[in-house]
Amino acid sequence: MFQKVFAYAGPYKKKTILAAAVIFLAVLMSVIPFIFVYQVIAPAVQGKPMTAGYISLRVLGVLICLALHACLYVKGLSLSHDAAYNILMHLRVSLQRRMENLPLGVIQAKGTGSIKRLFVDDVDSIEMLLAHALPEGFGNVAIPVVVYISMFFVDWKLALMSLASLPVGMTAMCAMYSIGVKGMKNYYEAGQVMNNTIIEYINGMEVVKVFNRDGESYERFERDIRSYRDFTLSWYKACWPWMAVYNSVLSCTLLLTLPLGSWAVLKGYSTLPDLILVMCLSLSIGIPLLKAMGFLPSLPQINYKISALEQMLDAEPLKQAPGKGFRGTGSRVVFSDVSFAYESDPAADHVSLTINEGEKTALVGESGSGKSTLAKLLVHYYDVTQGTITLGGQDITEMSLEALNDQIAYMAQEQYLFNIPLIENIRLGRPEATDAEVMDAAKRAQCMGFIEKLPKGIHTMPGDGGKSLSGGQRQRIAIARAILKDAPVVVLDEATAFTDPENEEKLEKAISEVVKGETLLVIAHRLSSVRNADQIYVMEKGHIAASGRHEQLLESCPEYRKLWDAAQASAKWKVVEGKEEERYA
């Protein structure tokens, strides 16, 4: 298990080992005073004379050892924490790099709660292993072992008596360890469910309030929290009795040594000075033993968390060619016999289609027909199960993800804005762009109308996720990014699906700036926006039902005709104030 952690340690592995050595010396300094105490007690009970200087020297030795113990312990913990947090930094950086190679869809499927727990809580919990359990555990285990070996050189009979508390304490420890391991998986699963529920509750609060679903949402929220609480308490309650036993017995190193040792001295089997020395040494290791055993219950938890991290790292990486650039010719996109499924549900079934260079191609179909899935496969959110996707004649798996991203501008319904100035949010499209180029992109994306009204203009912070801007404003900032990027292929995944009429015209103008002369794939929500497309593909249950231009499909494809009629009817629908009915213009 330590090898797994030290794989991320780099140069800090030596610092962790040094910390363990320093804490070993610190624990040793806590044992030596008991030897000084023995050197005073043994002559006293034997009636041997001692000078004040002899006693003062031992007292001074005790004080020096206690001071050294404190200094060495602080130094050891300082070294171990420095090493631990640097190792955690390397671990998180390594996880981030490995996650960049995973399909984005796989990452999203894990859920925000589980990823947050994995990267924050579970990684932080490894700090106990690195900063405490490993260095302190080593010192607090090694010193008792050394002391017990020394006892056997003094008097093997008394040493065996001193060991009597260990079997009882270790039996209780093993019982607690066994209960902990059995409940470990369910404990973390319950925690993951609770985390996901809390995040979903917070993110969905607006919908819950609008539709008066507070009761149902809160019931689930409360149920999952109660479930986590009840499981955790039942797990702990099963461990507590055994914890009480080993805490009470393990440190009682004089359990048999005092009564049986005294009897052995009276019978002449052992000497009084040897009994005093063994008793002093036994007392010296009680606290180190308890500390060492205190870290043992954390070991299975840490092992489980490391295994969870490794399972995430071992997920099938995205098929790509790191370091290889785009070598294709032009921007023609071809799907050849492409199939893909979310777990067991097919989302694309032997799809073959072509998006010609410089043309506008649209995908239409009912919700769940597979339109967005094809868009996500093109931008390589997932690997296809079967078939190939080529760009300019080059398979997208034969180039790096960075090279593919340079060729494609992808815009979905929701665009995320970072809480950095708007000018920097736009500059993400092309980091080397000048301020003048960013401003030009903002103007072409119809952003200046609202940007000029903001307190700091284009240097305004949009808030977390862009929450201080409206949905339409966020979309126009995202379009400005795409204009600045100037990629040869543009994918619009229902980018204007939920735009209000006031913003729709501005968004359409902004989008027209993005797609000038580009190869365009549109996932259409409003069929009226794609009626002039060069090619329209009609999706139905994951496969291509028909293809052609608008007029051709109206005549030859019943599915498209049904979609068009529904779109026309909804365009005429209006709400009549004061009446629960619909009226057609």
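Helices α2 and α3 are roughly antiparallel to each other in this predicted model, because their axes cross at roughly 160°, and an angle over 145 degrees counts as roughly antiparallel. Helix α2 covers residues 12-45 and helix α3 covers residues 52-100. Their axes come within 7 Å, and the crossing is left-handed. The contact of α2 with α3 holds 25 nonpolar, nine polar and four charged residues.

Helix α2 also meets helix α11, which spans residues 272-284. The axes of α2 and α11 come within 9 Å and cross at roughly 155°, so this pair too is roughly antiparallel. The crossing of α2 and α11 is right-handed. From α2, the contact takes in Val31, Phe34, Ile35, Val37, Tyr38, Ile41, Ala42 and Val45. From α11, the residues are Leu272, Pro273, Ile276, Leu277, Cys280, Leu281, Leu283 and Ser284. By class, this contact has 15 nonpolar residues, one polar residue and no charged residues.

A further pair is formed by helix α17, residues 435-444, and helix α19, residues 471-485. Their axes come within 8 Å and cross at roughly 125°. Helices α17 and α19 are therefore oblique to each other. Helix α17 passes α19 in a right-handed crossing. On the α17 side, the contact involves Glu437, Val438, Ala441, Ala442 and Arg444. On the α19 side, Ala480, Ile483 and Leu484 take part. The classes here are six nonpolar, no polar and two charged residues.

| Helix pair | Axes come within | Crossing angle | Handedness |
|---|---|---|---|
| α2 and α3 | 7 Å | roughly 160° | left-handed |
| α2 and α11 | 9 Å | roughly 155° | right-handed |
| α17 and α19 | 8 Å | roughly 125° | right-handed |

The next topic is the nonpolar cores. In soluble globular proteins, nonpolar side chains tend to be buried together. The largest nonpolar core in this protein has 45 residues. Which of its residues touch the most other members? They are Val364, Ile426, Cys447, Ile451, Ile458, Ile477 and Tyr560. The largest share of this core, six residues, comes from α19. A second, separate core has 35 residues, including Phe340, Val379, Tyr382 and Tyr537.

Ile426, one of the residues named for the largest core, can be followed through its contacts. Residues up to four places away in sequence are not counted here. Ile426 then touches Val438, Ala441, Ala442, Ile458, Ile477, Ala480, Arg481 and Leu484. Among these, Val438, Ala441 and Ala442 also belong to the α17 side of the contact between α17 and α19. Ala480 and Leu484 belong to the α19 side of that contact.

Helix α14, residues 371-378, is largely enclosed by the rest of the structure, because seven of its eight residues are buried. The buried residues are Lys371, Thr373, Leu374, Ala375, Lys376, Leu377 and Leu378. Helix α14 is followed by His380, which lies in the loop between α14 and β4 (386-391). Phi of His380 is near 65°, a positive value in a residue other than glycine. Is His380 buried or exposed? His380 has a relative accessible area of 4%, so it is buried, the cut-off being under 20%.

His350 also has a positive phi, near 50°. This residue is found in strand β2, residues 345-355. His350 has a relative accessible area of 45%, so it counts as partly exposed.

Arg223 is found in helix α9, residues 214-249. At 48% relative accessibility, Arg223 is partly exposed. Its C-alpha atom is separated by 9.0 Å from that of Met194. Arg223 and Met194 are 29 residues apart along the chain.

Some totals describe the whole protein. It contains 22 helices and twelve strands. Of its 585 residues, 45% count as buried. How much of the contacts with a separation of 6 or more is accounted for by residues 24 or more positions apart? Such residues account for 77% of those contacts.

Note on methods:
Residues are numbered from 1 along each chain as its sequence is written. This is a predicted model: local features need pLDDT of at least 70, side-chain atom pairs count only at pLDDT 80 or more; totals for chains, interfaces and linings use all residues. Side-chain values use heavy atoms; hydrogens and water are left out. Buried means under 20% relative accessible area, exposed over 50%, partly exposed in between (1.4 Å probe, protein chains only). Helices (H or I, at least four residues) and strands (E, at least two) are DSSP runs, numbered from the N terminus. Axes are lines fitted to C-alpha atoms, for helices over the stretch in contact, and angles run from 0 to 180 degrees between N-to-C directions. Angles under 35 degrees count as roughly parallel, over 145 as roughly antiparallel, 65 to 115 as roughly perpendicular and the rest as oblique. A crossing is left-handed if the near helix is turned anticlockwise from the far one by less than a right angle, and right-handed if clockwise. Contact means heavy atoms within 4.5 Å. Ala, Val, Leu, Ile, Met, Phe, Trp, Tyr, Cys and Pro count as nonpolar, Asp, Glu, Lys and Arg as charged, and the others, Gly among them, as polar. A nonpolar core is a set of buried Ala, Val, Leu, Ile, Met, Phe, Trp, Tyr and Cys residues joined through side-chain atoms within 4.5 Å.
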